[in-house]
Amino acid sequence: METDCLVHVFRRLALEDVAAAAPLVCRGWRRAAADPSLWRALDLRHDHVARFMPWGPLAAAFARRYGVSRFAFAGFLTLCLSRAAGSVSDLALPPLLSSPAAELDRVAAGCPRLRRLALPPLLSAADEARLPELVPRWPLLQRLELESKPSSFPAVAAQLALHCPDLSSLKTSGAIKPEDAAAMPASLPRLRSLCLDSSYLPKQELLAILAGCTQLEEFSARNCVGFNEKDEEVVRRGARIERFEIGGSRFVDVLDDEMMADDEFCGSSYVDVM
């Protein structure tokens, strides 16, 4: 079968099969499995626990077929980026990285054509501080997902404004402070889609975002703490947005100072308890 036809067929396979099984059939299949187009979209977050644990089936396949005695996510990421040859356009990283700094460096160096990037939650303070330095490496970025809002968010937004002119979609969750709310319209006024679900989002910050991001077509702030989903002013401000979702959000009178100082307190577990 011609290589182009094999590549078309392999697009229907799971990434694990393209990586660990197809290359062993014959030289033609190995050549087809190495085609960069098969490695442009890398969803490494889906079912990540079962896929990347040392005792999982993917590790067993690499051990049995390639003699890899110590399987690690870092090695699999390196393989994927090598096969993609700089063509990765869509990348979702799993929640737990063994060496976040090294793996973020790999992504920065190996994915210059990224259009969508989903970063893992709970990065260390040092890794969060480095994010503004990495943003310029992704000039084609259109969609960014930050599962936990980094403490460096205003600096990240400023770098996105400078280096990612096509960015139109942002998703994040955390304590939205006044400086974060100010950074969105100041640096990202052309956003068309913004998701802040399960955040601590005071009404004042919400209104500032809605007033400054005038090109929004989709806005979601579901299950937030800090404003009421039935607040008339909020509903009125959001009426111009084609898709405006704030269901499940509620106002809470008092949050203690320790919670306010913690960027991570308002993740899904906190909001669920509230």
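**A walk along the chain, from loops to salt bridges**

Let's start with Arg11, which counts as partly exposed because its relative accessibility is 49% (under 20% relative accessible area is buried, over 50% is exposed, and partly exposed is in between, with a 1.4 Å probe and protein chains only). Arg11 sits in the loop that joins α1 (3-10) to α2 (15-20); helices (H or I, at least four residues) and strands (E, at least two) are DSSP runs, numbered from the N terminus. Keep in mind that this is a predicted model: local features need pLDDT of at least 70, side-chain atom pairs count only at pLDDT 80 or more, and totals for chains, interfaces and linings use all residues. Residues are numbered from 1 along each chain as its sequence is written, and side-chain values use heavy atoms, with hydrogens and water left out.

Next stop is helix α5, residues 57-66, where the buried residues are Leu58, Ala59, Ala61 and Phe62. Looking down the axis of α5, you'd find these buried residues within an arc of 160°, so they line one face of the helix (the arc is that of the directions from the helix axis to the C-beta atoms). Just past the end of α5 comes Gly67, with a positive phi of about 75°.

Move on to helix α6, residues 73-84, and pick out Gly75. With a relative accessibility of 44%, Gly75 counts as partly exposed. In the loop between α6 and β2 you'll come across Ala85. Ala85 has a phi near 55°, a positive value in a residue other than glycine, and at 59% relative accessibility Ala85 counts as exposed. Further along, Asn223 has a positive phi too, about 55°, although Asn223 is not a glycine. You'll find Asn223 in the loop between β7 and α12, where a relative accessible area of 39% makes Asn223 partly exposed.

Now for the charged pairs. Searching the whole structure turns up 12 salt bridges (a side-chain nitrogen of Lys or Arg within 4 Å of a carboxyl oxygen of Asp or Glu). One of them pairs Asp90 with Arg116, whose closest N and O atoms are 2.6 Å apart. This pair links distant parts of the chain, with Asp90 in strand β2 (residues 90-92) and Arg116 in strand β3 (residues 116-119), 26 residues apart. Asp90 is partly exposed because its relative accessible area is 25%, while Arg116, at 18% relative accessibility, counts as buried. Asp90 and Arg116 also belong to a network of salt bridges with Arg143 and Glu145.

Asp180 and Lys149 make another salt bridge, with closest N and O atoms 3.1 Å apart. Asp180 belongs to helix α10 (residues 178-187) and Lys149 to the loop between β4 (143-146) and α9 (153-163), so the pair ties together parts 31 residues apart in sequence. Asp180 and Lys149 are both buried.

Finish with Lys203 and Asp231, a salt bridge whose closest N and O atoms are 3.1 Å apart. Lys203 lies in helix α11 (residues 203-212) and Asp231 in the loop between β7 (218-220) and α12 (232-238), so this pair ties together parts 28 residues apart in sequence. Lys203 itself is partly exposed, with a relative accessible area of 27%.
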